[in-house]
Amino acid sequence: MNDAADVVVVGAGAAGAVLAARLAEDSGRRVIMLEAGGRGGNPLLRVPLMTGLLLRSRYANWSYRTEAEPGLGGRSTAIPRGKVLGGSTAINGMVWARGRPSDYDGWAQAGLRGWNWDNALAGFRRIERFQGGASEMHGGDGAVPVTDAAVEHELIDAFVAAGLQAGYPPSADFNVPPCEGVGRYHFTIAGGRRWSTAQAFLRTAPKNLHIVTRAQATRVVIEAGRAVAVEAVVGGQKRQFRGGEIVLCGGAINSPQLLMLSGVGPAAHLQEMGLRVQADLPGVGGNLHDHVLVRVEHACTQPITLQALTRIDRAAVALLRALASGTGPAASFPLAAGFMLRSDPSLEEPDLQSHFLPGLTTATLRVPFLAGPLRAGDGHGFMANVSQMRPYSRGDLRLASAHPFQAPLIRPNYLSDPRDRAILRAGVAILRHIFAQKAFDPYRGAELSPGVDVRSDAALDAWIARTADTVHHAVGTCRMGTANDLGAVVDEELRVHGIAGLRVADASVMPTITSGNTAAPSMLIGQRCADFIQMNG
C-alpha cells in the first residue's frame, strides 16, 4: 500500500472533509486522509433527532470530559467530539450559523488580513446549497444543503410570537446582517436526513483521495524542522504516512494534543512529559474557550411536547418513519427557533443566542444501545437555553501523559470572568420576559428552572454554577496570529510557526470564537486552507 501523498490530512470532520475533498479536485494531487473513527455507515447517524442521544453516548464520540471546573461548582462536564467520518458534523445539532461580519473583520483587524468578512462570505457561498437559491448573501450550488427548519409545532410558533410580543425584532435569517432578532434557524438537513461533511463531500471521493479509517494519529514526524509524516495506529499496527504537507484537522481538543505529542508546544510542559521539544510554542493548548449555556424550563399544561416520544412504541414508529421516508418528528431537529439579542440595549451588537425546545430534553428516542438511561418523570414541559456568543473566560488544555491514547487534561475555566455570569443572568431575564407573554398563556405551567424564588444575582449565580453546561463549541487552542504574536500557533495561512510543511485547519485556529454555532465557520476554515495550499502549488 502506498502510504505517501502530496498532502496528509488528519481528521475527517467539519474542516478536514472539506479540505481533503477540495484538494482532491486536482486529479494530479494525491491526498491521504486519516480518521480515528469508522466510516459512519450506521443509518441512525442520519436521523436528525438522534442528536440528543449521540451527544450523550460513546458511539462515534471521543466522549471527552473537562477537569473539575471551579466556575461550575467543581463539576466536570462532557465534551462530546465526533469520532467518525464527518467528525462532529455527524453528531451535532446541524444548525447553520456562520457568525457575524464583525467576527471575521475583527480577525482581519488583528493582522489576519485574508480573513475579513468579504473573504469569509465568498467561502461560505462556495460551500452552501441554500434552499432559497443563490443570492448576494448565500450560495446556491455548494455541497452542503442549508434548509429552513422543517419542524412544525405550536410551541415553536408560540416562542416566536412571544418574542415579538416582548418587543424584539423578527429575524428571517440569522446569517444575514443584522443577524439579530427572534426567528427560526437554518439547518444542514435535507430530505429529513442529516448532511454531515462526510455526506456532502466524501460520498464520491475520487481515486486520488485515499481515506483511512480507524487510524489514530499518534505524532507528526518532524525532521530538521520540517513535518514529513504522520505516525498512526491502524488495526493495531503502527504506520507512517508521508506527505509533502501535513494538515491537522482534529479540532480544538485533538489538534493541540497531537502537536504537543509531536514536540510542538510549551517547552516546559513538553519536557515535563519527557518529550523532545521541536518548537517552543507556548500558545499550543491555550486560549481555550467555548459557549456556555443555561436553560430556563417550564412545565407545559398541555400534553403536546416531545415527552410523548419517551414511550418506546412511539419512539420506534418515529425512528422507523424517519429511516424509511425522512418524515415525521424524528426527521427534523426541534431546536428550530430562538433568538440573537443584546444583553444590554446599549451594546452595538447582539451577544446572546438562544434555542427553544418544545420539550425538556432532546434525548427522547429510546435507543438503549446508544445511550444510558433517559431522564424519567419529567412530564410535559418546554425550555429555552441561552448562551453568551463571545465569552471572556479562557482556559487551556495540557497532556495528561506522553501516551497518545490517554485523553488530555481539558480545563476551559468556564465563567472565571464575572462578565460572563452577568451576561447569562441578563439572558435568563430575557427568557423569563418572553415566557411571560400572552402567546404562552395556553401552555405555561410552573417555572421548573431556575424556579420562581431564584431572583437575586447571588441566587442566579449559584444556580448557574450548578446547572450551566457547554454548547460543545470549543475553539482557540491553536490560534492564528502574526509572527510577533508570542501566543499564536499558526499564521494567517494556517502554517505552524517554526515548523515547515505543517498546518492546522479547524476550530482550534480561531483567535476568538464566532458568534453562534461553530460547524459552518469550521467548514470555512477547511475551505480557506485548501485555497492557501492550492495558491502555493
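**Close-ups of a predicted chain**

**Figure 1. The whole chain, seen through its contacts.** In the protein chain, 70% of the contacts with a separation of 6 or more are between residues 24 or more positions apart; contact here means heavy atoms within 4.5 Å. A quick word on what you're looking at: this is a predicted model, where local features need pLDDT of at least 70, side-chain atom pairs count only at pLDDT 80 or more, and totals for chains, interfaces and linings use all residues. Residues are numbered from 1 along each chain as its sequence is written, and side-chain values use heavy atoms, with hydrogens and water left out.

**Figure 2. Overall build.** The protein chain has 12 helices and 26 strands (DSSP runs numbered from the N terminus: helices are H or I with at least four residues, strands are E with at least two). Its radius of gyration is 22 Å, close to the 24 Å from the globule rule for 537 residues, so the chain is as compact as a globular protein of that length. That radius is taken over C-alpha atoms, and the rule is 2.2 Å times the number of residues to the power 0.38. Along the principal axes, the C-alpha atoms fill a box of roughly 70 × 50 × 45 Å. Of the 537 residues, 62% are buried (buried is under 20% relative accessible area, exposed over 50%, partly exposed in between, with a 1.4 Å probe and protein chains only).

**Figure 3. Helix α11 and its cover.** Helix α11 spans residues 457-467, and its Leu460, Trp463, Ile464 and Ala465 are buried. Among the elements covering those buried residues are β18 (292-300), α10 (418-435) and β24 (444-449). As a reminder, an α-helix has 3.6 residues a turn, so residues three or four places apart point the same way.

**Figure 4. Zooming in on alanine 465.** This residue of helix α11 has a relative accessible area of 19%, so alanine 465 counts as buried. Skip the residues up to four places away in sequence, and alanine 465 touches Gly71, Leu72, Gly73 and Arg75. Alanine 530 sits 65 residues from alanine 465 in sequence, and the two C-alpha atoms are 41 Å apart in space.

**Figure 5. Arginine 479 in its loop.** Look for arginine 479 in the loop between β25 (469-470) and β26 (502-504). Arginine 479 is buried, with a relative accessible area of 19%. Leaving out neighbours within four places in sequence, its contacts include Asn287, Asp485, Ser508 and Pro511. Val489, Val490, Val509 and Met510 are also among the residues in contact with arginine 479.
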